[in-house]
Amino acid sequence: TTADIYAHIETSSGTSGMASILSTPPLQINAAGGRLSFYYNMYGATIGTLSVSSCPSSGACTQLWTHTGQQQTTGNASWASALVTLPSTTHTVQWSATKGSSFTGDIAIDTISITQGTGVCSTAAVPGAFFAVTAAVPVLTCTGGAGPTSAAQGTCFTTSSGTCFTDGPGNHGNNERCSISVLQSGFLFAVGTIALEPCCDYLTVGPSTTHLHTNAQINGMPITAGTSIAWYSDYSVTNGGFVVCAAATPAPTPVTVVPVTTFDCAFNTPATGTPTSGLPTTTGTRFWCG
């Protein structure tokens with residue numbers, strides 16, 4: 001949200017198995033259906049269940065998504081993203097959070113987005129691609145295939161046939177969330193200068209909770225196929241963002257060239273090869289120096 005406010009259940013009281021329901025206002029989903037995206041945090045030893053259901057204007061709700069138990073492994077781990085396809089009969093969406101056995105079972109959700117249509121991205125998956133964007137907030141107009149490949153399709157999108165991913169031209173926005181799937185192993189490198197607010201806007205790679213916001217942190221970082229990269233921006237201050245690419249091998253370390261000072265030779269032979277009997281006055285550019 002714009003004020004960085006999230007919804008959560010507090011499990012310090014109540015009994016195990018109690019469910020709290022959060023519902024949207026009435027929706028108007030078109031005949032093609034819709035897409036729901038949101039982020040969730042389920043860290044704690046006694047986490048219960050979080051589920052999402054589509055409810056028609058009358059009749060029973062249908063469960064579309066559910067997770068049970070702890071999903072994050074540390075308290076400062078990145079929030080996870082969810083993408084749910086909504087049927088055209090959806091009148092409201094409901095989240096149900098069930099209390100676990102103790103107070104370490106708080107569940108939270110944030111950054112909810114509902115869009116029309118369930119279209120597949122027009123660009124087919126590219127053989128040899130390193131990345132595909134699988135979730136993006138607030139913009140995600142298509143899924144599958146190669147994922148979003150333009151700013152119109154996603155808050156984050158891939159470029160160069162899936163070799164790079166970016167938050168797009170200009171400054172990044174507030175409250176952006178993206179998940180980028182790593183399709184093959186390799187090494188990261190930044191294109192241009194990454195411009196992010198060090199405290200609050202960052203990338204994370206795989207299960208690591210390290211906040212990445214500089215070229216030095218990203219260049220040469222190994223990535224493993226099957227993991228994901230997450231992008232997070234907070235509710236204030238925007239900067240130039242990032243373009244991050246990958247290669248099969250790390251970029252070579254630049255070689256520092258030390259300049260050589262021009263010097264006079266103590267004894268020499270002229271460039272013509274004729275021996276000289278005296279000391280030359282020409283610098284070493286025309287004579288062999290011994």
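Start by selecting Cys-55 and Cys-61: they form a disulfide, with their sulfur atoms 2.0 Å apart. (A disulfide here is a pair of cysteine sulfur atoms within 2.5 Å.) This is a predicted model, where local features need pLDDT of at least 70 and side-chain atom pairs count only at pLDDT 80 or more, while totals for chains, interfaces and linings use all residues. Residues are numbered from 1 along each chain as its sequence is written, and side-chain values use heavy atoms, with hydrogens and water left out.

**Stop 1: the disulfides**

Stay on that first pair. The link of Cys-55 and Cys-61 is right-handed, with 110° about the S-S bond. Cys-55 is buried at a relative accessible area of 4%, whereas Cys-61 is partly exposed at 38%. For those words, buried means under 20% relative accessible area, exposed over 50%, and partly exposed in between, using a 1.4 Å probe and protein chains only.

Now pick Cys-164 and Cys-245, another disulfide, S to S 1.9 Å. The torsion about its S-S bond is about 100°, so this one is right-handed. Cys-164 sits in strand E11 (residues 164-166) and Cys-245 in strand E17, so the pair ties together parts that are 81 residues apart in sequence. (Strands, E, are DSSP runs of at least two residues, numbered from the N terminus.) Both Cys-164 and Cys-245 are buried.

Next, select Cys-199 and Cys-200, whose sulfur atoms are 2.1 Å apart in a disulfide. Their link is left-handed, with -90° about the S-S bond. The count of disulfides comes to five.

**Stop 2: the nonpolar cores**

Which residues have the most contacts inside the largest nonpolar core? Select Phe-131, Phe-165, Leu-188, Leu-203, Ile-229, Phe-242 and Val-244, out of 24 residues in that core. (A nonpolar core is a set of buried Ala, Val, Leu, Ile, Met, Phe, Trp, Tyr and Cys residues joined through side-chain atoms within 4.5 Å.) Strands E9 (131-137), E12 (177-182), E13 (186-190), E14, E16 and E17 (243-247) each give two or more residues to this core.

Centre on Val-244 and show its surroundings. Leaving out residues up to four places away in sequence, Val-244 touches Phe-131, Thr-163, Cys-164, Phe-165, Leu-188, Phe-189, Ile-194, Leu-203 and Ile-218, a contact being heavy atoms within 4.5 Å.

Then jump to a second, separate core of 18 residues, which includes Ile-9, Phe-38, Val-84 and Leu-86.

**Stop 3: the pockets**

Select Ser-78, Trp-79, Gly-206, Pro-207 and Ser-228: among the 20 residues lining the largest pocket, these lie nearest its centre. (On a 1 Å grid over the protein atoms alone, a pocket is an open set of points where a 1.4 Å probe fits, with protein on both sides within 12 Å along at least five of seven lines; lining residues have an atom within 4 Å of a point.) The space in the largest pocket is about 390 Å³, a volume being the space filled by probe spheres set on the points. Strand E16 gives the most to this lining, with three residues.

For the second largest pocket, about 240 Å³, select Trp-79, Asp-110, Arg-177, Tyr-202 and Tyr-232, the closest to its centre of 14 lining residues. The largest share of this lining, three residues, again comes from E16.

Conventions: Helix = DSSP H or I, 4+ residues; strand = E, 2+ residues; numbered from the N terminus.
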